[in-house]
Amino acid sequence: MREALEHVMARADGIDVVRYVGDRDELLAAVEDERPDAVLTDIRMPPTRTDEGIQVAQALRRSHPEVGVVVLSQFADPTYALELLEAGSAGRAYLLKERVSEPDELISAINAVVRGESVIDPRVVDVLVRARSVSARSPLAELTPRERDVLSELAQGKSNAAIARSLVLTKRAVEKHINAIFTKLELPSPDDVSRRVTAALLFLASGEAPRAED
């Protein structure tokens, strides 16, 4: 897989690879040294070969929030995508490894995270939507225009206070809209973080772009 990625990156216009690494700690050290625009990582690496790619993405959200991260995985289970987006969806992508055979898709995802956008593999989104949908209609169709605005902001990983400032609403109004969104999307989980991330994924599944910053 690493050799395949090196081959793809060598042919990619507009992308300069500053370092290839083999494990989580080496990757974090390379980011500190090189300060890249983006990181392309496998979900599993030494030392434990479990979810190091997601660990790296979470660590960089705290230490280098400007660095985009594309995680490659063989798992279509939405759980891993949810974990990746727990701290916000901006600048994060989750793609299945089969996309390596589609270089344009991979390069597009790298460019997207550099711009602060989010990309979730369509197959992962399909699994999530099938699990959440209770009818042939998209659950997003039940949302009001204002609720869709709030969901767009939420999908960017913003807090309630930040959403209130962006949409010129009170925090209480934002809370009411978010509770309505959770109800309409049938997200009854008591874990607020999980509900926010799942709602964000459903929004991304709709194919709509988040609202542009003023």
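Predicted model: local features only at pLDDT ≥ 70, side-chain atom pairs only at ≥ 80, totals over all residues.
Reader: Thanks! How many helices and strands does the chain have?

Author: Helices (H or I, at least four residues) and strands (E, at least two) are DSSP runs, numbered from the N terminus. Here the chain has 10 helices and 4 strands. Along the sequence they follow the pattern α-α-β-α-β-α-β-α-β-α-α-α-α-α.

Reader: And what percentage of the residues is buried?

Author: Buried means under 20% relative accessible area, exposed over 50%, and partly exposed in between (1.4 Å probe, protein chains only). Of the 214 residues in the chain, 43% are buried.

Reader: Could we try that on single residues? Is Leu202 buried or exposed?

Author: Leu202, in helix α10 (residues 192-205), has a relative accessible area of 4%, so it is buried. Its C-alpha lies 9.6 Å from that of Leu151, which is 51 residues away in sequence. Now take Ile120 in strand β4 (residues 118-120): at 10% relative accessibility, Ile120 is buried as well.

Reader: I'd like to read a helix next. Which residues of α9 are buried?

Author: The general idea first: an α-helix has 3.6 residues a turn, so residues three or four places apart point the same way. In α9, the buried residues are Val174, Ile178, Ile181 and Phe182. Seen down the axis of α9, these fall within an arc of 95° (the arc of the directions from the helix axis to the C-beta atoms), so they line one face of the helix.

Reader: What does the face turned away from the buried side of α9 carry?

Author: That face has the exposed residues Arg172, Lys176 and Thr183. Arg172 has a relative accessible area of 53%, and its C-alpha is separated by 8.9 Å from that of Asn160, 12 residues apart from it along the chain.

Reader: How far does α9 reach from its first C-alpha to its last?

Author: The expected span of a helix is 1.5 Å times one less than its number of residues. Helix α9 (residues 171-184), with 14 residues, reaches 20 Å, close to the 20 Å expected.

Reader: Now the backbone in the loops. Which residues does the cis peptide bond join?

Author: Pro46 and Pro47 are joined by a cis peptide bond, with omega about 15°. Pro47 sits in the loop between β1 and α3 (52-63). That loop also holds Arg49, which has a positive phi of about 55° although it is not a glycine. Arg49 is exposed, with a relative accessible area of 54%.

Reader: Where does Glu186 lie?

Author: Glu186 is in the loop between α9 and α10. Its phi is positive too, near 55°, in a residue other than glycine. With a relative accessible area of 42%, Glu186 is partly exposed.

Reader: Turning to side chains, how many aromatic pairs are there?

Author: Rings of Phe, Tyr and Trp (its six-membered ring) pair if their centres lie within 6.5 Å; planes under 30 degrees apart count as stacked, over 60 as edge-to-face and the rest as tilted. The count comes to 1 aromatic pair. Phe75 and Tyr80 form it, and they are stacked, at 4.9 Å centre to centre and 20° between the planes.

Reader: Last stop, the largest pocket. Which residues lie nearest its centre?

Author: On a 1 Å grid over the protein atoms alone, a pocket is an open set of points where a 1.4 Å probe fits, with protein on both sides within 12 Å along at least five of seven lines; lining residues have an atom within 4 Å of a point. The largest pocket is lined by 33 residues, and Val17, Arg19, Ala38, Val39 and Leu40 lie nearest its centre. β1 gives the most to this lining, with 5 residues.

Conventions. Residues numbered from 1 in each chain as written. Heavy atoms only, no water.
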